[in-house]
Amino acid sequence: MAVSASAVKELRERTGAGMLDCKKALDETGGDVEKAIALLREKGLSAAANKAGRIATEGVVESYIHAGGRIGVIVEVNCETDFVAKTDQFREFARDIAMQIAASNPKFVSREEVPGDEIEKEKEILKNQALNEGKPEKIVEKMVEGRISKYYEEYCLLEQSFIKDPDKTISNLLNEKISKIGENISIRRFVRYELGEGLEKKVDNFVEEVMAQAKL
């Protein structure tokens with residue numbers, strides 16, 4: 001199977017690896033970009049993976065206020081140097097992350113932050129739902145794992161689809177920025193406030209509102 005130039009380009013952008021390494025990885029994985037990324041990481045050829053262990057203590061605390069002051073987000077995004085922290089590219093990335101949080105309302109940065117007892121509780125609920133739907137018990141476990149993956153995609157920031165480009169996740173976007181900027185970058189923490197949170201109110205589609213405000 002011939003590897004397309006667009007696949008090589010995408011792999012380079014997402015990993016920062018050399019062109020020949022990207023082409024070889026795609027050849028070995030039958031053109032599957034995700035598998036090629038994993039292969040490059042295993043071989044230590046992914047620039048993003050190589051930078052991940054470096055300490056990132058500089059950065060920016062970015063804020064985003066939704067139109068009308070109904071939603072507010074504060075997020076800390078770290079990099080290695082003050083120089084990079086002041087660049088337009090880094091600040092634009094931090095701004096995109098703040099907007100993502102406002103629109104998609106994640107609970108955690110990554111799945112590693114999700115408490116184990118919360119996952120076990122969710123699994124039990126999903127298992128009972130599947131059994132109540134009459135699903136055979138032998139396939140319930142696989143169904144539960146699939147639904148837990150959906151849980152991570154909904155509530156973990158790094159696994160959410162990027163609102164400006166749903167074909168990539170926030171993790172993909174982060175790795176692209178690491179490769180392009182040349183420093184380790186991390187999303188450390190965030191807080192999201194919503195006007196009247198916890199009170200009974202009309203439910204609006206904030207994803208559409210945030211995207212409309214940004215004219216996406």
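Colleague: Where is the place of valine 61?
Modeller: Valine 61 sits in strand E1. Helices (H or I, at least four residues) and strands (E, at least two) are DSSP runs, numbered from the N terminus. This is a predicted model, where local features need pLDDT of at least 70, side-chain atom pairs count only at pLDDT 80 or more, and totals for chains, interfaces and linings use all residues. Residues are numbered from 1 along each chain as its sequence is written, and side-chain values use heavy atoms, without hydrogens and water.

Colleague: Is valine 61 buried or exposed?
Modeller: Exposed, because its relative accessible area is 57%. The cut-offs are under 20% for buried and over 50% for exposed, with partly exposed in between (1.4 Å probe, protein chains only).

Colleague: Which residues make up the largest nonpolar core with the most contacts inside it?
Modeller: Phe90, Phe93, Ile97, Ile170, Ile185 and Ile187 have the most contacts inside that 31-residue core. Strand E1 (58-65), strand E2 (71-79), helix H5 (82-85), helix H6 (88-104) and helix H9 (170-181) each give at least two residues to this core. H6 brings the largest share, 9 residues. A core here is a set of buried Ala, Val, Leu, Ile, Met, Phe, Trp, Tyr and Cys residues joined through side-chain atoms within 4.5 Å.

Colleague: What else is there, apart from that core?
Modeller: Another core of 12 residues, including Leu11 and Leu26.

Colleague: New topic. How many disulfides?
Modeller: The whole structure has 0, counting sulfur pairs of cysteines within 2.5 Å. Cysteine 79 is buried, at 0% relative accessibility. Cysteine 156 is buried too, with a relative accessible area of 0%.

Colleague: And how many salt bridges?
Modeller: A search of the whole structure gives 13. Each needs a side-chain nitrogen of Lys or Arg within 4 Å of a carboxyl oxygen of Asp or Glu. One is between arginine 95 and glutamate 62, with the closest N and O atoms 3.7 Å apart. Arginine 95 is in helix H6 and glutamate 62 in strand E1, so this pair ties together parts 33 residues apart in sequence.

Colleague: How does arginine 95 count for accessibility?
Modeller: Partly exposed, at 33% relative accessibility. Glutamate 62 counts as buried, at 14%.

Colleague: What about lysine 168 and glutamate 176?
Modeller: Their side chains meet in a salt bridge, 2.9 Å from N to O. Lysine 168 is buried at 18% relative accessibility, and glutamate 176 is buried at 8%.
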